[in-house]
Amino acid sequence: MDFLSIFSAALGSAIGPIAAIYALAAIGLNMHFGYTGLLNFGQVGFMLVGAYGVAVSVLTFGLPIWAGFLASIACAIVLALLLGIPTLRLRADYLAICTIGVAEVVRLIYRAPVARDLTGGVYGRQGFADGFDDANPFTDGLDLGIVSFRASDLWVMVWAWGLVGLATLVMWLLMHSPWGRVIKGIREDEEAVRSLGKNVFLYKMQSLVLGGVFGALAGALIGLNQQTVTPDQFMPQVTFYLWAMLLLGGAGRTLGPIIGSMAMWFLLTLFDEILRGLDSIDMLPFFGGPEVGAMRHAIVGLVLVLLIIYRPQGIVGDRKEMLVNVK
Amino acid sequence: MSSDPTDAAAPDRPVPDRSAGIEPVPGVAKPDPILRADGIRRSFGGLTAVDVDHLEVQRGTITALIGPNGAGKSTLFNLLTGFDRVDSGQWTYEGRSLQGLAGHQVARRGMVRTFQLTKALTRMTVMDNMLLAAQGQVGEKMLGGLLRLWTTQEAANRKRAIELLERFKLDTKRDEMAGSLSGGQRKLLEMARALMVQPGMVMLDEPMAGVNPALVQSLLGHITALRDDGMTVLFVEHDMDVIMGISDWIVVLAEGKIIAEGCPDDIRSNTQVIDAYLGASHDDPAAATGEDR
Ligand SMILES: Nc1ncnc2c1ncn2[C@@H]1O[C@H](COP(=O)(O)OP(=O)(O)O)[C@@H](O)[C@H]1O
Ligand SMILES: [Mg+2]
């Protein structure tokens with residue numbers, strides 16, 4: 001086993017394009033759950049409409065990529081309104097049930113035969129990222145010694161980390177403003193906030209839209225990164241990964257989702273590489289081959305369980321905010 | 001009768017008695033009502049929780065709403081402030097109808113309520129609790145917050161919040177989490193926060209419940225001070241000594257209906273009230289302090 005190459009792979013995935021994309025979607029979830037207390041279990045739905053926003057705009061309507069991004073944002077806003085108008089006045093658990101259902105319904109609609117002309121049905125869409133690749137200013141990859149990236153990865157990373165930075169700045173400014181104060185008040189007790197003359201529904205709607213837009217941008221980048229979108233990339237487990245990342249990093253903290261995504265991808269790759277290394281020298285007694293991939297998830301799950309027990313606020317969470325809740 | 005600030009005043013009652021001369025009968029008209037409600041009805045399943053034919057609250061007074069547990073006091077508060085929906089009925093505040101308005105819209109009109117179970121936002125600082133209550137903040141709009149257009153307004157609000165906190169002796173706690181305050185201090189904070197809205201009328205649901213006796217006196221002082229500042233106070237309370245001591249007017253609710261109204265002396269001698277409420281509470285002290293939902 002080559003420990004340096006294992007570490008290098010893990011590090012590469014922690015700062016690579018996928019980690020950045022998940023961080024962006026997790027920032028959206030942090031807006032929903034971390035700050036506002038909205039139980040959104042359908043963040044993947046926003047990612048899906050975001051990915052197809054670009055793909056369909058470019059392929060079906062021949063629009064430029066930047067217009068595709070605008071379409072992604074518009075789709076996220078529409079989805080947030082559809083989801084929020086009926087449910088945000090209800091108790092928190094109704095939103096949870098609806099989000100998970102709506103995200104699945106959206107996926108099934110996009111893959112349905114009737115939508116094939118627009119979305120490509122189960123086959124999805126390919127070849128919409130050519131314009132994005134053509135604009136890539138990097139001709140060579142980047143070799144930092146311990147990690148290296150291909151030119152195409154670098155181009156996605158620039159955009160993904162750039163958007164993560166922008167989203168983080170927006171979130172920091174908002175959450176340190178009176179707007180953020182209302183949002184945090186709603187997380188704790190919306191009746192109290194309402195009694196002080198704030199339109200709670202409107203704030204929850206704004207939160208849902210903003211977090212959904214971040215999710216859609218992440219989805220658009222997934223499409224550009226993989227050069228293809230299919231509906232079945234957007235299964236419910238993507239949302240649960242995002243939740244795991246957010247809780248790992250620390251919900252309700254500016255850097256929580258970023259650190260969570262990086263740590264999660266680091267751990268996933270680390271355990272994957274270690275298990276594969278052990279497997280290759282026949283050191284794994286009870287399993288091997290295809291089971292290795294499942295095993296790494298079990299180990300990451302174990303790490304998450306330990307984290308919840310010993311550090312429930314996450315890596316950068318605020319213990320004071322977690323614990324002060326005496327009635 | 002109403003508001004003549006130059007009226008000669010007894011030293012222990014610096015404000016003219018604005019409810020003097022009103023006849024002590026349920027649903028009686030007041031000379032200058034700030035709140036006027038008609039036919040307010042609300043039932044839960046088969047239970048009629050509130051059934052108030054007519055109620056007026058005189059401007060600038062402390063009006064107590066009393067009644068046994070489950071009489072419908074909190075429900076009436078919820079209905080009037082837009083936190084629950086009436087089955088039927090109309091009501092006006094400052095002459096304008098509040099019917100169908102949501103809770104936040106009622107608060108913006110100037111009628112602000114507190115809750116029986118204190119709703120201090122425990123994971124926010126005392127100062128943030130206060131600042132949250134200020135009205136018309138540009139920074140509470142998404143774009144205004146993002147572009148930091150709010151700093152001067154915030155400074156002014158902070159100044160006002162500190163003045164209020166000083167008045168309620170909470171200024172030393174301003175940077176602490178509200179969750180670290182004692183139960184009584186939270187009641188004080190909730191009241192200070194309601195005042196931060198700059199209301200014309202405050203509705204306090206059991207402001208003294210669970211407050212340690214040493215703090216009760218200062219809470220009472222605050223409530224009378226509110227009236228002396230020209231505010232109208234409607235409050236729910238169980239402790240008879242407290243009620244008789246500070247109220248200008250008392251409304252007695254039983255099984256959702258107003259069974260009596262009057263100044264403290266009228267209520268003390270009203271046999272119906274004694275039967276329905278005072279009798280029980282005098283025989284059984286637990287009933288007077290007993291908690292409900
Ligand atoms: N949400 C509700 N659902 C069902 N019954 C309720 C509800 N709220 C209040 N009630 C009932 O209405 C009656 C009045 O309650 P409440 O207004 O809380 O009384 P009070 O504040 O005078 O003690 C009680 O019998 C109570 O059980
Ligand atoms: Mg009550």
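1. UniProt positions are given here in the numbering of this structure, with feature names shortened, and its annotations may be inferred rather than shown by experiment. On that basis, the unreviewed UniProt entry lists residues 6–25, 37–59, 65–85, 154–174, 208–228, 240–271 and 292–310 of chain A under "transmembrane region".

2. The model is predicted, with local features requiring pLDDT of at least 70 and side-chain atom pairs pLDDT 80 or more, while totals for chains, interfaces and linings use all residues. Residues are numbered from 1 along each chain as its sequence is written, chains are lettered from A and ligands numbered from 1 in the order written, and side-chain values use heavy atoms, leaving out hydrogens and water.

3. Two of the listed spans may be described further. Residues 154–174 of chain A are 100% helix and 0% strand, with end C-alpha atoms 30 Å apart. Residues 292–310 of chain A are likewise 100% helix and 0% strand, and their end C-alpha atoms lie 27 Å apart. Helices (H or I, at least four residues) and strands (E, at least two) are DSSP runs numbered from the N terminus.

4. In chain A, helix α1 (residues 3–15) packs against helix α13 (residues 256–280) at about 150 degrees, with the axes 8 Å apart. This angle makes α1(A) roughly antiparallel to α13(A). Axes are lines fitted to C-alpha atoms, for helices over the stretch in contact, and angles between N-to-C directions run from 0 to 180 degrees; those under 35 degrees count as roughly parallel, over 145 as roughly antiparallel, 65 to 115 as roughly perpendicular and the rest as oblique. The residues of this contact comprise twelve nonpolar, two polar and one charged. Among them, A:W265 and A:F266 belong to α13(A). Ala, Val, Leu, Ile, Met, Phe, Trp, Tyr, Cys and Pro count as nonpolar, Asp, Glu, Lys and Arg as charged, and the others, Gly among them, as polar.

5. Helix α12 (residues 236–249) of chain A and helix α14 (residues 291–310) of chain A pack at about 40 degrees, with their axes 11 Å apart. The two helices, α12(A) and α14(A), are therefore oblique to each other. In their contact (heavy atoms within 4.5 Å), A:Y241, A:A244, A:L247 and A:L248 of α12(A) meet A:H297, A:L304 and A:L307 of α14(A). By class, this contact of α12(A) with α14(A) has six nonpolar, one polar and no charged residues.

6. In chain B, the axes of helix α5 (residues 151–167) and helix α6 (residues 183–196) come within 10 Å and cross at roughly 140 degrees. Accordingly, α5(B) and α6(B) are oblique to each other. Their contact has seven nonpolar, one polar and two charged residues.

7. Between the chains, 33 residues of chain A contact 36 residues of chain B. The area buried between them is about 3100 Å², with carbon and sulfur atoms giving 61%; buried area is the accessible area (1.4 Å probe) that two parts lose on being put together, summed over both. A:R181, A:E188 and A:L196 supply 23% of the area that chain A buries against chain B, more than any other three residues.
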